[in-house]
Amino acid sequence: MHGLNLDYMAELVPILLSYLPLTLEMAAAGMLCALVLACLLAVIRVTRVPGLNAFALLFISFFRGTPLLVQLFLFYYGLPQVLTFLVSINGITATILGLTLHFSAYMAESIRAAIVGIDRSQTEAALSIGMTQSQLMRRIVLPQATRVATPTLMNYFIDMIKSTSLAFTLGVTEMMGATQKEAASSFLYFEAFLVVAVIYWIVVEALSWLQKWLENRLNRAYQR
Amino acid sequence: MIELKGIGKRFGAHSVFEGIDLSLERGEIIVIVGPSGTGKSTLLRCINFLETPDAGSLTVGDLTVDASRATREQILALRRRTAFVFQNYALFANKTALENIAEGMIVVDHMPKREAHARAREILERIGLADKADAYPASLSGGQQQRVGIGRAMAANAEVILFDEPTSALDPQWVEEVLGLMKQLAAEHQTMIVVTHEMQFAREVADRVVYMDQGRIIEQAPPSELFTAPKDERTRQFLRKILPAQEGV
């Protein structure tokens, strides 16, 4: 048992922080793609597009029903053996792909629930003034559903940021991968993983503040 | 100018009404009364296809729609010629009072936003809520919300405004301000079809009162006639039940 090596920890902070942009980039790209895909899946589910609806159900079932790590290995190590054009897929792309597919399945369900939860009278009022289906979706239903879904979606975003750490299992040197390497050469595992844990923690806390601010803003219309 | 011919509506095996005929002239105000569950609201909702009628034809202004063959374009055109005031106000929760009124002008009539907002302000003035332009529905009283609901209907410049029990969900203290606004519209000869239980309003404002019971129009007459000398026994019974509770015959 030795005391905490504070000097080492202080040295480590800027090194690990230099990998933070990659972590955030993977999360942001994953979130953006997942949001688009989730909206698509949700609208397919709500409007019950024949054929596509069954596909959406299967998609959601699979990506919610299997671990993210398994999915990442499947895309990075497994798929290129079958689909040979994927041999060149790099770890970062595979991670973003995995995060997108995995989280879009969860997010689709919360977006769908938010859309379905919008009071029917809102739709009827929009129809009564002569709006088309797509106008009322765009101007009335989706803006209101966004407010309902935001807290959950932000939680998924936070979860996604933490899940980027799995990229190191695909050989990507992001924040977690860098920590692993540093720790392996210094043998100061506790210090190294403590530093990286605190960095993740601070990033997530900052996002929680952003989430609170966003929710307040979206709730402005609903304050009595 | 508005004509319903042989309108029928069924939900599954249950027929709400069939063969409903009703017509009104420009500027006419008719009030539909009758027991709950006799299809008054459903009939009103068939006029703008919030419910799809199964049979009959509808004429509003220069547009005639055959219920069983209505196309999407016809339904949209019909909705542009009508406006609807809901029992539960149904204001767009994500939009201010001003935006609620301007929304249709911007999205449906493609009016420039600036012009639509100017017109919406005029309407807010007329409904006595000029100071609430930027208020969201959640911060308005029931009476104020329903006045905005009526303002939204006014903005549509429709041939007819359909009122579906506009005061039934209101706390008693807000009923008068909403009825007052409706009387103001009536004085301006706005064509209206009103489903309501407010007999006093019917008596004062209606050109014609229509009594509906069990999916049928039993009789229709000017209020002075219908309230004092109803022809049908069912109308008499209904009025006997409902009138003493209000102000008596």
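How far apart do the end C-alpha atoms of residues 2-239 of chain B lie? In this predicted model, the end C-alpha atoms of that span lie 27 Å apart, and the span is 39% helix and 26% strand. Helices (H or I, at least four residues) and strands (E, at least two) are DSSP runs numbered from the N terminus. An unreviewed UniProt entry annotates residues 2-239 of chain B as "domain: ABC transporter"; UniProt positions are given in the numbering used here, feature names are shortened, and annotations may be inferred rather than shown by experiment.

Residues are numbered from 1 along each chain as its sequence is written, and chains are lettered from A and ligands numbered from 1 in the order in which they are written. Local features need pLDDT of at least 70 and side-chain atom pairs count only at pLDDT 80 or more, whereas totals for chains, interfaces and linings use all residues. For chain A, the mean pLDDT (the predictor's confidence in each residue, from 0 to 100) is 90, and 98% of the residues reach 70 or more. Within chain A, confidence is lowest in helix 1 (residues 6-17), with a mean of 86, and highest in helix 6 (residues 120-128), at 95.

An open sheet in chain B comprises six strands in the order 6-7-8-3-9-10, with mixed pairing; two strands pair if DSSP finds at least two bridges between them. Strand 6 and strand 10 (216-221) of chain B each have a single partner strand and stand at the edges, so one side of each is left without a neighbour in the sheet. From one strand to the next, the twist averages 20 degrees.

Strand 3 (residues 29-33) of chain B is largely enclosed by the rest of the structure, because five of its five residues are buried (20 or more other C-beta atoms within 10 Å of a residue's own; 12 or fewer make it exposed, and values in between partly exposed, with C-beta atoms placed from the backbone). Ile29(B), Val31(B) and Val33(B) point one way from this strand, while Ile30(B) and Ile32(B) point the other way. Strand 3 of chain B runs parallel to strand 8 (residues 192-195) of chain B, joined by four bridges, and Ile32(B) stands opposite Val195(B). Four bridges also join strand 3 of chain B to strand 9 (residues 208-213) of chain B in parallel, where Ile30(B) stands opposite Arg208(B).

Strand 7 (residues 160-164) of chain B is joined to strand 8 of chain B by four bridges, and the two run parallel. Phe163(B) has Val194(B) as its bridge partner, and Leu162(B) has Ile193(B). Strand 7 of chain B is mostly covered, five of its five residues being buried; Val160(B), Leu162(B) and Asp164(B) point one way and Ile161(B) and Phe163(B) the other. Strand 6 of chain B pairs with strand 7 of chain B in the parallel sense over four bridges, with Thr82(B) opposite Val160(B). Helix 5 (residues 142-155) of chain B lies across strand 6 and strand 7 of chain B, at about 175 degrees to strand 6 of chain B. Axes are lines fitted to C-alpha atoms, for helices over the stretch in contact, and angles run from 0 to 180 degrees between N-to-C directions.

The contact between the chains takes 22 residues from chain B and 19 residues from chain A, two residues being in contact if their C-beta atoms, placed from the backbone, lie within 7 Å. On the side of chain B that touches chain A, helix 2 (72-81), strand 6 (82-85) and helix 3 (97-107) of chain B are the elements that give two or more residues.
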